[in-house]
Amino acid sequence: MKRRTFLAGTAATALARPAIAQSSKKLTFLSWNIVDQADMFKRWFAAFTAEHPGVEIEWLDKKGPDLPPFYQTQLAAGTPPDVLDLQGGIGIEYAAQGALLDLTPYLTAHPDVRARFNQDYLNNWVWEGKTWLVPFYVAKTLLFYNKPLFQKAGLAGPATSFDELLAHAEKIGAGGTDQTGFLTLNFDWLYWALFKMNGVDLLSPDLKQPVFDTPKLVEVTEKLAKATAGTAINKISWTGRWVEPLGAFASGKVGMLNAHAPAYFFLKGQGAWINQDTLGVAELPGNWSVPTLHGYGISKGTKNPDLAWAFVEFCTARKQAQEMADSRRVLTAYTEVDNALMGHLEKDEPLAHAVLATQLEHTDKLCGNWPLPNDSRIKDAFYPELQNALLGRKDAKSALDEASRKVARELRRA
Amino acid sequence: MALVACFLAPSLLIFLLYRILPLIWNVVLSFEAWSPLHAATWVGWDNYDEMLHDDDVFWQALWNTLIFMASQPIGVAIALGIALLVNSDLKGAAVYRTIVFLSYPLMTVAVAIIWRWMYNERGGLINFVLRRLGIIHQPIAFLDSFAWALPSTIVANTWQVLGFFMIVLLTGLQNIPPHLYEAARVDGAPAWARLFRITLPMLKPSLFLCAVISILNSFAAFDLVYVMTNGGPGHGTELLITYIYKVGFGQTRFDYAAALTVAQFVLLLALAWLANRASGGNAGALE
């Protein structure tokens, strides 16, 4: 090759690079601790980029405690991920801070997408009349119970009231060394059904005043504290996060567990005793439950909002949602997909079917999820004081008075 | 001079960019209301007012941090005892020295996980041994108890840094001129007199170093507390550093977290100054 030709070719390539770069788009997707589905996501990304030539997808996955700090730093740097998977109330918090794009116009323009979903679950992400996320996968709390421990304690079946729940827990806790009767998860308000079944609400309907500091909640807290001081309620209920409480139940020494459906798969992996004859599933008394929802949101700072929406629409399409449901044995709030999953499980995994059936029932009795712009601050104001009462550091009345004062202060600041 | 300036310039530039400027920005931020999505507005002393008058978690975290700090001399005293032992003619002293030091290079997260397992109420080693010995009949929820959680984290922290303090003090011991001890023996000085009149005064620089490092350690024990207890139960083990992290990244209040950081910085400066004064005013140097 002559030198002149070589130089001309190099110059042409160098000049063409910007043009090539401008014609390709990059979409960043941040997910919440779901790296086990890497193969599934790779297939999705390949299919999406085949439909949208020139698009490159960057996938980031963070564990639950790491995602919020990571997202904050990306917001501060002005480079937020385009699409994100958020859990629980943090979606509304980010929406209130102005970090997320209002999805209402997209859902209005695509009524078929809105119609896919169970509306009770979709409405969890409505704030100030706008929808900020759409469902990715959903779960809510249920009661797992250890049938052999129930039989040993002479109990016929799960409790139908709060006092009966505590009575069952006390009987099981008295039954043997290191045995306790009841355990609950405590993050993201997952324990709130215990209060709601007693008619206690956290905030007024306009979400501006704390209303929980009532004689009833004092009474309920005192009962829970007494049960925790003994062997009826396992103390890890109020201090553990995921591995320790579930490990305790999987060990076979705890009678009942209040947790959401994904806990079943962890328990099954850890507890050799668990099978259809030994693990019971039921709703909590009053059929109250607390949802733990994962939803897709779009950052307001995205440079490609329409492309981000196209990605969200793709991920929540029938094929992808079915793949997610089948792979992870989880409900998606996409009604047809969830019905199909339940059909498979009824034949193939009856116990998983029983667990997930509770997720589809009584979705009109969801509690513990308030569309608050400062959900994490309200939690930080309330929960430590509740812990003080439940673990015996303070009496229930003083602790709840203090919690009410702190929650009111956070609501004023919002 | 020009040549000196040229060689120093890169390091000074990095120091300026990554230490001084962020420090100044942090102080400015503490007087503002700011979030990643909204422009900053000047609020004056509001954040400090909240911290001092309307934030009991701050006072709890400060108190816990001071308790953590006050417990550090126990670790230094134990390390001194071990250093004195391994500096003697004890058989196998080199092996003991290595064993004690092994805890220090471990990652703090690993130390926290190990101790969390050991403290576990259900299957932890400590409860198992105590029950086997008949000292307790019911397991103790070390990390879930308001009474036990903070001391438990302090024990884990002390265990980890013991090896480092031992090495520092051992080095100091080995630098003490032997003729001082010979002269004291000749004069009939008993062991306790040699310890208090020769060993401890000559160890002043090493002890000062251990004191300063232990103070800094108590303010920086984020990873240990975060993994072991996450500040719980009910802020029972919350340190200033863990609280700053939660306020900044959990509650998205970077402005208020900046004010807390400034308060911690001022406190650290004051403690370092006091430590210097207590040791004679010259960073513990011998005169």
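**Close-ups of a two-chain predicted model**

View 1. Helices (H or I, at least four residues) and strands (E, at least two) are DSSP runs, numbered from the N terminus. This is a predicted model, where local features need pLDDT of at least 70, side-chain atom pairs count only at pLDDT 80 or more, and totals for chains, interfaces and linings use all residues. Residues are numbered from 1 along each chain as its sequence is written, while chains are lettered from A in the order in which they are written.

View 2. Strand S1 (residues 32-35) of chain B runs antiparallel to S2(B), joined by three bridges (strands pair if DSSP finds at least two bridges between them). Look for B:Ser35, whose bridge partner is B:His38. The hairpin gets from S1(B) to S2(B) through two residues.

**View 3. Two sides of helix H16(A).** A:Gln320, A:Ala321, A:Met324 and A:Ala325 are buried in helix H16 (residues 318-328) of chain A. They share one side of H16(A) because they cover an arc of only 135° around the axis (taken from the directions from the helix axis to the C-beta atoms). The face turned away from that buried side carries exposed A:Lys319 and A:Ser327. Just after H16(A), A:Arg329 takes a positive phi of about 55°.

How values were computed. A residue is buried if 20 or more other C-beta atoms lie within 10 Å of its own, exposed if 12 or fewer, and partly exposed in between; C-beta atoms are placed from the backbone.
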